[in-house]
Amino acid sequence: MSFVSIHALSYSYPGTAAAVLNDFSLDLEQGEVVGLLGQSGSGKSTLLRLIAGLEAPSQGEISIQGETMSSRHKFVQPERRGVGMVFQDYALFPHMNVSRNIAFGLRGLSRNERKNRVTDMLELVKLADYGHRYPHELSGGQQQRVAFARALAPSPRLLLMDEPFSNLDSELKNGIRKELKELLHQTGITSILVTHDHEDAEALCDRIIRMTSFMPELQAGKKHQLVTS
Ligand SMILES: Nc1ncnc2c1ncn2[C@@H]1O[C@H](COP(=O)(O)OP(=O)(O)OP(=O)(O)O)[C@@H](O)[C@H]1O
Ligand SMILES: [Mg+2]
């Protein structure tokens with residue numbers, strides 16, 4: 001049984017006729033980091049939104065660890081899926097300092113446990129002294145690390161990253177890429193990384209998949225057969 005199973009997924013946005021995803025299937029093993037590439041509009045962000053439970057599929061099923069998340073009969077709310085997400089624009093809360101941003105998704109913990117978890121996450125992303133800063137007082141790369149810390153704080157079983165490097169200049173990106181590689185290795189978390197950059201995908205992912213509009217084309221396990229366009 002795969003850790004994440006996406007089976008025969010189809011989706012059209014409400015009020016639109018064209019399908020964004022059509023009969024799309026993908027399986028992830030535990031701990032696997034899968035890169036998702038594909039032209040603009042091919043449905044990469046939509047796929048992540050479906051997995052996170054921000055949209056419900058028109059057809060098909062999504063399960064995590066054998067538990068159905070989305071199907072014709074069942075829909076698990078996003079906060080109950082154990083899925084963390086990092087968005088392209090980081091989506092930090094501007095009115096909350098770094099610590100409160102990171103603590104945001106932590107439920108069911110005592111005050112002390114929450115504080116410790118925030119401290120651990122700040123250390124993990126190498127921002128131990130930055131808990132009291134506000135997002136606008138941070139560089140782009142630092143903001144992005146906070147976004148990762150916030151996504152990882154509730155110990156998700158699956159991490160979804162939607163072009164997390166696209167707002168960074170190339171020098172900063174190289175540093176962050178190394179850090180992310182370390183972070184993924186350290187946490188061993190099953191992940192999907194959406195990117196436009198083959199180099200990012202090659203550097204970070206165990207497997208790369210290319211999506212094309214309407215006809216997702218799977219290239220399982222064969223990094224070097226990656227179609228270059
Ligand atoms: N809220 C929405 N309502 C209607 N159509 C949408 C909506 N969001 C996205 N779409 C359409 O769905 C298709 C897939 O969009 P999506 O954002 O998933 O693409 P993407 O692969 O992430 O593209 P990019 O690489 O540019 O981020 C596009 O044709 C887009 O116009
Ligand atoms: Mg997108």
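1. The chain has an accessible surface of about 11700 Å², and carbon and sulfur atoms account for 47% of that area. The model is a predicted one, and the values in this note are computed from it.

2. Of the 229 residues in the chain, 47% are buried. Among contacts in the chain with a separation of 6 or more, 68% are between residues 24 or more positions apart.

3. The secondary structure consists of six helices and nine strands. The radius of gyration is 18 Å, close to the 17 Å from the globule rule for 229 residues, so the chain is as compact as a globular protein of that length. The C-alpha trace spans about 45 × 40 × 35 Å along its principal axes.

4. Which residues are around ligand 1? Part of the shell is given by the residues from Gln-39 to Thr-46, namely Gln-39, Ser-40, Gly-41, Ser-42, Gly-43, Lys-44, Ser-45 and Thr-46. By class, the shell contains two nonpolar, eight polar and two charged residues.

5. Contacts to oxygen atoms of ligand 1 come from both side chain and backbone. A polar side-chain atom of Ser-40 is 2.5 Å from an oxygen atom of the ligand, and a polar side-chain atom of Thr-46 is also placed 2.5 Å from a ligand oxygen atom. For Gly-43, a backbone N or O atom lies 3.0 Å from an oxygen atom of ligand 1. On its own, ligand 1 has 640 Å² of accessible area, and the protein covers 58% of it.

6. Where in the chain is Ile-189? Ile-189 sits in the loop that runs between helix H5 (170–187) and strand S8 (190–194).

7. Neighbours within four places in sequence aside, the contacts of Ile-189 include Gly-31, Glu-32 and Val-33. A further set comprises Leu-152, Pro-156, Arg-157, Leu-158 and Leu-159, and Leu-184 is also in contact with Ile-189. Val-146 is 43 residues from Ile-189 along the chain, and the C-alpha atoms of these two residues are 17 Å apart.

Notes:
Residues are numbered from 1 along each chain as its sequence is written. Chains are lettered from A and ligands numbered from 1 in the order in which they are written. This is a predicted model: local features need pLDDT of at least 70, side-chain atom pairs count only at pLDDT 80 or more; totals for chains, interfaces and linings use all residues. Side-chain values use heavy atoms; hydrogens and water are left out. A residue is near a molecule or strand if one of its heavy atoms lies within 4 Å of it. A polar contact is a pair of N or O atoms within 3.5 Å; within protein, one must be able to donate a hydrogen and the other to accept it, and residues adjacent in sequence count only if both atoms are side-chain atoms. Accessible areas come from the Shrake-Rupley method with a 1.4 Å probe; for residues, only the protein chains shown count as cover. Ala, Val, Leu, Ile, Met, Phe, Trp, Tyr, Cys and Pro count as nonpolar, Asp, Glu, Lys and Arg as charged, and the others, Gly among them, as polar. Helices (H or I, at least four residues) and strands (E, at least two) are DSSP runs, numbered from the N terminus. The radius of gyration is taken over C-alpha atoms; the globule rule is 2.2 Å times the number of residues to the power 0.38. Buried means under 20% relative accessible area, exposed over 50%, partly exposed in between (1.4 Å probe, protein chains only). Contact means heavy atoms within 4.5 Å.
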